[in-house]
Amino acid sequence: MYVGTLSFDLLLGDVRSLKEKRSVVRPIVAELHRKFAVSVAEVGDQNLHRRAEIGVAVVSGDSGHLSDVLDRCERLVAARPEVDLLSVRRRLHGDDD
């Protein structure tokens, strides 16, 4: 069994309130969940209206499949024009950990 996680640090564009932030972050979270069947949530910076941290987790029996899903998730977030992807932290855990 392999577990992979991604943590996205995002800078949001023209956002002036937490309500506007939700209107940007929620569609990204929903699309990641819908397209890739991953567990995803906003996990940090909830009180900052121009920053967001989104966490993604995937469990797979194949490390190649796991890496592929994480790569596709990263590409989807990086391609969103309404956010700037500041950093991505990736962690992979296998049976040996």
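The model is a predicted one, in which local features need pLDDT of at least 70 and side-chain atom pairs count only at pLDDT 80 or more, while totals for chains, interfaces and linings use all residues. Residues are numbered from 1 along each chain as its sequence is written, and side-chain values use heavy atoms, with hydrogens and water left out.

The 4 strands make an open sheet in the order 2-3-1-4, with antiparallel pairing (two strands pair if DSSP finds at least two bridges between them). Strand 2 (39-44) and strand 4 (83-93) sit at the edges, each pairing on one side only. Neighbouring strands are turned by 20 degrees against each other on average, direction ignored (axes are lines fitted to C-alpha atoms, for helices over the stretch in contact, and angles run from 0 to 180 degrees between N-to-C directions).

Going through the pairs, strand 2 is joined to strand 3 (residues 51-60) by 5 bridges, and here G44 faces E53. Strand 3 is also tied to strand 1 by 10 bridges, with L11 opposite R51. Strand 1 pairs with strand 4 over 10 bridges as well; D9 has S87 as its bridge partner there.

Then come the helices. Helix 1 (residues 18-36) lies across strand 1 (2-12), strand 2, strand 3 and strand 4, at about 10 degrees to strand 3. Helix 2 (residues 63-78) lies across strand 1, strand 3 and strand 4, and runs at about 10 degrees to strand 1.

G13 is in the loop between strand 1 and helix 1. Leaving out residues up to four places away in sequence, G13 touches R50 and E82 (contact means heavy atoms within 4.5 Å). G13 and E82 are 69 residues apart in sequence, yet their C-alpha atoms are 5.7 Å apart in space. G13 counts as partly exposed because its relative accessibility is 28% (buried means under 20% relative accessible area, exposed over 50%, and partly exposed in between, with a 1.4 Å probe and protein chains only).

As for the whole protein chain, 34% of its 97 residues count as buried. Of the contacts between residues at least 6 apart in sequence, 72% join residues at least 24 apart. The C-alpha atoms fill a box of roughly 45 × 25 × 20 Å along the principal axes.

Notes: Helices (H or I, at least four residues) and strands (E, at least two) are DSSP runs, numbered from the N terminus.
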